[in-house]
Amino acid sequence: MNIYDYINNNNEELIEINELDALIFARLAYIHIEMIKDKLPISIYNLSKIKNLKINKKDLELLNLLKNNKRFKDLQIIRCEDILDKDKEEQFMAITIMIDSETVFISFRGTDKNIIGFKEDMNMCYGIIPSQMSSKDYLNSEKIYNNIYIGGHSKGGNLAMYSGIYCDSLHKRHIRKIYNFDGPGFLKLDNNFYKMKNKIINYFPESSVVGRMMYNDSTIYAVKSNKEGIEAHNVYYWIINDNTLKLGKLKKISNDFKEGCDHILEAIPNTRKKVIIDYIYSLMLKGEISNIKELNIKKIKLLLDNSPKLTIEEKNELINFFKILIKAMLPKINKPKEISLKNLSLKEHHK
């Protein structure tokens, strides 16, 4: 069973939000509602009637199920904000879904197909990114409701956590839960994080890669998936049993990646991470790295060796990290041509 089955099996009024409802709301943020901001507020039913709305096939199937379901069809999307700024290297989008007069769910989009978003994802490895600040501002500018739920998938999960951790005290008092669906953690965990730790719930696939990046000391549930590696990042492959996500345990390949990721975060200073990330991004812009099929150690070694900006120690650290990364991302993928490198980091894999 998957998320579609959950919708088909639950056609009663929404009284209390559970993790599957939150997962659905996280996916709604991937629909390009920013195209119709002038039509807000809009019900999910009426949203499904909008023609030429930018949406991928799996999300369209989701929306078509929601539009006739009593639990979801009358819920209102009341607010939307989007930012795409090349100069700031920011790709941000958030929506507010009204559940009832006292309850809202704020959903943050993960990285979409825009390469600016991919660069912002990488920037997260050495500092605070603009989208994190925008997520806090979005929550702070939201009307106060008695019950505020927050969530997101991939980078959206990180933004959900960041907004809840660093928002003003008035909004913070009304936050009930923060849902992170396979989103990365943070470079450091401070007192603000630990004050909100008990409200954060993380759901990662058993072979998680994205969710294991950086640090996160809140509750993590490992979810069984029909896929492995980076494909397991796609929530439509997550397995549902008895109206809950089917849980398992994080696999060795995910734990090995986590260990390697933590090592490189500590081994390379943030100032040098920026140099490395800018170099990798420049290779993407020039087309020297464009497809997952090219992610092999021979190619990576050649590209790193040709960089005058990297030290020998950094090159060796990166080669070792890429070995772990490739193993974690691509354990059993039979058709690598179907996955673009631009769709790998901190975001949903789109077909």
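Predicted model: local features only at pLDDT ≥ 70, side-chain atom pairs only at ≥ 80, totals over all residues.
Local features require pLDDT of at least 70 and side-chain atom pairs count only at pLDDT 80 or more, while totals for chains, interfaces and linings use all residues. Residues are numbered from 1 along each chain as its sequence is written, and side-chain values use heavy atoms, with hydrogens and water left out.

**Nonpolar cores**

A nonpolar core is a set of buried Ala, Val, Leu, Ile, Met, Phe, Trp, Tyr and Cys residues joined through side-chain atoms within 4.5 Å. Buried means under 20% relative accessible area, exposed over 50%, and partly exposed in between, with a 1.4 Å probe and protein chains only. The largest such core has 45 residues, and I3, F25 and I33 have the most contacts inside it.

A second, separate core of 34 residues includes I129, I268, I280 and M329.

Contact means heavy atoms within 4.5 Å. Leaving aside residues up to four places away in sequence, F25 touches L14, I17, F72, L75, I97, I99, F105 and S107. L47, located in helix α3, is buried with a relative accessible area of 0%.

**Helices α5 and α11**

Helix α5 (residues 115–123) packs against helix α11 (residues 270–285) at an angle of about 160 degrees, and their axes are 10 Å apart. Axes are lines fitted to C-alpha atoms, for helices over the stretch in contact, and angles run from 0 to 180 degrees between N-to-C directions. The angle therefore makes α5 roughly antiparallel to α11, a term for angles over 145 degrees. On the α5 side, I115, F118, K119, M122 and N123 meet I277, D278, I280, Y281, M284 and L285 of α11.

Eight of the nine residues of α5 are buried, including F118, K119, E120 and D121. What covers the buried residues of α5 includes β2, β3, α6 (130–140), α7 (155–166) and α11.

Definitions and conventions. Helix = DSSP H or I, 4+ residues; strand = E, 2+ residues; numbered from the N terminus. Parallel < 35°, antiparallel > 145°, perpendicular 65-115°, else oblique.
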